[in-house]
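Here is a short report on how the parts of one model pack together. Look at the sequence and structure first, then read on.

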Amino acid sequence: MRYTPHTEEEIQRMLEEIGVGSVDELFRSIPKQVQQASQLELPHPLSEMEAIELAESLARSNYDPDSMVSFLGGGAYDHYIPAAVDHLISRSEFYTCYTPYQAEVSQGTLQAIYEYQSLITRLTGMDIANASGYDGASVTADAALMACAVKRGRSVILVSEALNPAYRKVVETCNSGGGKEVKTVPAGSGATDTAALGKLLDEKVACVIVQNPNFFGVVENTAELCRLAQEAGALAAVSGDPVALGLVISPGEAGADIAVGEGQSLGVPTSYGGPYLGYFACRGEYKRQLPGRLVGVTEDNQGREGYVLTLQTREQHIRREKATSNICTNQSLLALSATIYMSLLGKEGIRHVAELCLQKAHYLAGRIAGLAGWKLAWPDQPFFKEFVVESPGPVSEIIDSLLDKGILAGIDLGKIEKRHQGRMLVAVTERRTRQQMDRFVEALAGL
Amino acid sequence: MEIPKGFRYTKEHEWVLVEDDLATVGITDYAQSELGDVVFVELPEIGDEVEAAESFGTIEAVKTVSELFSPLTGTVVEVNELLADSPDLVNTDPYGKGWMIKVKYTEIPEEDLLSAAEYREMIS
């Protein structure tokens, strides 16, 4: 973004024009005791050459993911992004516009968002989807906010222990205050404990949030979990990886009320943690409590089809404190990436990607479990593209050794929760070749 | 601007018509004309309690959402189901088919309600 500061001359002219003696006078309504008397203590300005050298030296402390083989998962995955995605989103009409929601000038973008929404409803099996949210974590928090708005009077949010722990933190933060309580449903066996869920359900519970495949990669029995939640009068929200929907039962098929998740797997780079893309879909009956932006199709006064933002009275800029959520924006560019990706691959393509992930993950899991001292944490649980293994030695040391060999081995779960000491989360996408996986196994065997 | 006699009015532009122990509530002709096309009305359920001067629901026009304030205290015994599919009744017939809730009231704060003449004075 360009920054053109005022010159002293320009400042003087402006002050004269408005009849004010100094810039300080404009701030005189601010109490003296909170005004900063001195100048900010900034270091000496750098030259362009020095500034670039500083930025580059900082960047060099990161590993370049393109030169590493990644088995990292836990919410962001190294999937292949077709060249067409970048080529199309780089068009300046898409790339440079900011919050392009005006019907008068943004028909192309609005149509793209409408297509995105339509594709997400197909993928998740739900009736309606919004224009996207920030990321998987914030849309999961929005699901809880929406459930509490729909189920007025209910204030408990049940979250599976197998939901991404970062998502749980965001759910807690966004739902703190207002008398709401977030409780955890245990998942000691790698999957959400249905008996424990049954015990926690009562007339105070507004929603149950589960993830499928869950944080540990395990495929959950979402139909059963949704049924239990709804029998108790709560809403069922299923959070999940969209590529998995090529194979696992969709939230709609499972009977969920809300489907949310991280759209990064759909043509968005891992980018050291973001920007990402949250998808949010739900049953039609909740359309007035759906958070975020919504694009609709309509006719203008000459009968021509056109796209507009719709049901805006849901949103905070109109409904203010009574709105379900404070989100009145979307991740337009990344939603476009996801739309291009989904269009290119289609139903068959996504299913194919999912099958490759499943097969490769199971191949690698089998080979690692075959190494002395290694085993799967929950060998009886069905998994999709991620799995948890228990290591013979400290996980962090193993990860460090493999870093030297150019392999990002996995996530040390012990760093997230003490209970998972000695466990590593390994993800395998369609990009991983047999040679890469075999090299990974050899490296582990050689430790 | 229609302001029927025999109805009472609130400063928030609701009207109330009392017949025996039942009171019918809606919004005035002035209110609907200020709002513009009504697209959605959010009403309470039968059995819900309403309190004088407290919000009992919301009304949505294309670019705005307003609260609906109850003129009196009591229990909701009937809700206008027609508004779900035809919210425009509030615009076309605000004192008739556009009624919103019927309340079995326990308290009417007379001193806060305006007569037709007082309401006409207020909006002019």
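## Nonpolar cores

A nonpolar core is a set of buried Ala, Val, Leu, Ile, Met, Phe, Trp, Tyr and Cys residues joined through C-beta atoms within 7 Å. This is a predicted model. Its largest nonpolar core has 114 residues. Those with the most contacts inside this core are A:Cys207, A:Val208, A:Ile209 and A:Ala237. Helix 12 of chain A, residues 332-369, gives the most to the core: 17 residues. Domain 1 and domain 2 of chain A both give residues to this core, so the core lies between them.

Which residues does A:Cys207 contact, leaving aside its neighbours within four places in sequence? They are A:Ala143, A:Ala144, A:Ala147, A:Ile157, A:Ala234, A:Leu235 and A:Ala237. A second, separate core has 23 residues. Among them are B:Leu35, B:Ala61, B:Leu83 and B:Val103.

Domain 1 of chain A puts 27 residues into the contact, and domain 2 of chain A puts in 25 residues.

Now take the side of domain 1 that touches domain 2. Helix 12 and strand 12 (386-390) of chain A each supply at least two of its residues. Helix 12 of chain A has the largest share, with seven residues. By class, this side has 18 nonpolar, four polar and five charged residues.

## Where the chains meet

The contact between the chains takes five residues from chain B and four residues from chain A. On the chain B side, two residues are nonpolar, one is polar and two are charged.

Notes
Residues are numbered from 1 along each chain as its sequence is written. Chains are lettered from A and ligands numbered from 1 in the order in which they are written. This is a predicted model: local features need pLDDT of at least 70, side-chain atom pairs count only at pLDDT 80 or more; totals for chains, interfaces and linings use all residues. A residue is buried if 20 or more other C-beta atoms lie within 10 Å of its own, exposed if 12 or fewer, and partly exposed in between; C-beta atoms are placed from the backbone. Helices (H or I, at least four residues) and strands (E, at least two) are DSSP runs, numbered from the N terminus. Domain bounds come from an automatic or database domain assignment. Two residues are in contact if their C-beta atoms, placed from the backbone, lie within 7 Å. Ala, Val, Leu, Ile, Met, Phe, Trp, Tyr, Cys and Pro count as nonpolar, Asp, Glu, Lys and Arg as charged, and the others, Gly among them, as polar.
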